Amino acid sequence: MEIEVVEGDITEQAVDVVVNAANSSLLGGGGVDGAIHRRGGPEVLAACRALRAAHLGGGLGVGQAVATTAGRLPAKWVVHTVGPVHSATEDRSELLAACHRNSLLVAAELGAETVAFPAISTGVYRWPLESAAEIALAAVREPVGPVRLVRFVLFGAAAHRAFADRL
Ligand code: AR6
């Protein structure tokens, strides 16, 4: 499996799966979540609402992942995952790793071959970029099902450098 790191906007990626750094409500937010919902359109939010009305009534737990349509995005599906908020006193690295592994498992179940990840938890959730890059890259190293390409799409030069240096 190939792992690559590019600088750019994840909503423009023509891959099978785009991973969203969502929150437990699945009902949208700022950052990459806001961008995915804006560009994906109302179909994505409708699918999230349907999940909440069905088996995810309590929301999506930290580290878990779930798929919806990608709506008007060039991707085929969005896999929503909830990253941990960074803590200076508690090690939540396993949860950040779980986001990546569970997203890949959901993508593999869909038959996805190409998956794009943002730098989960490094925005509103304040995870330091260097640490997030190390955890994320290690978490996707094991091949999963039909997935043959994992592309990290980083917003800005600093995020790109953090990931590229550790690849
Ligand atoms: N493409 C790629 N990366 C992006 C884009 C984009 N279009 N937009 C932002 N980023 P964040 P979190 C980067 O805050 O820390 C939301 O409100 C951004 O620069 O989106 O996991 C959710 O609803 C940063 O490096 O996600 C949650 O409430 C990275 O994406 C909460 O924020 C992640 O930043 C989740 O916080």
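Which residues on the other side of helix α2 are exposed? They are Pro 42 and Ala 53, and they make a handy way into this structure, which is a predicted model. The chain's secondary structure comes to five helices and six strands.

**The chain as a whole**

- Along its principal axes, the C-alpha trace spans about 40 × 35 × 30 Å.
- Of the 167 residues in the chain, 48% are buried.
- Take the contacts with a separation of 6 or more: 71% of them are between residues 24 or more positions apart.
- As for the surface, the chain exposes about 7500 Å², and 51% of that comes from carbon and sulfur atoms.

**Helix α2**

- Helix α2 runs over residues 42–53, which makes 12 residues.
- From its first C-alpha to its last, α2 reaches 16 Å, close to the 16 Å expected at 1.5 Å a residue.
- Which residues of α2 are buried? Those are Val 44, Ala 47, Cys 48 and Leu 51.
- The partners they pack against are α1 (31–40), β3 (65–69) and β4 (77–82).
- On the other side of the helix, it's Pro 42 and Ala 53 that are exposed.

**Strand β4 and its neighbours**

- β4, one of the elements that the buried residues of α2 pack against, has five of its six residues buried, so it is largely enclosed by the rest of the structure.
- How many bridges link β2 and β4? There are six, and strand β2 (residues 17–22) pairs with β4 in the parallel sense.
- Within β4, Val 79 has Val 19 standing opposite.
- β3 also pairs with β4, in the antiparallel sense and over five bridges.
- For Val 66, the bridge partner in β4 is His 80.

Note on methods. Residues numbered from 1 in each chain as written. Predicted model: local features only at pLDDT ≥ 70, side-chain atom pairs only at ≥ 80, totals over all residues. Heavy atoms only, no water. Helix = DSSP H or I, 4+ residues; strand = E, 2+ residues; numbered from the N terminus. Expected span 1.5 Å × (residues − 1). Buried < 20%, exposed > 50% of the residue type's maximum accessible area, 1.4 Å probe, protein only. Contact = heavy atoms within 4.5 Å. Areas by Shrake-Rupley, 256 points an atom, 1.4 Å probe, with all protein chains shown as cover. Pairing = 2+ DSSP bridges.
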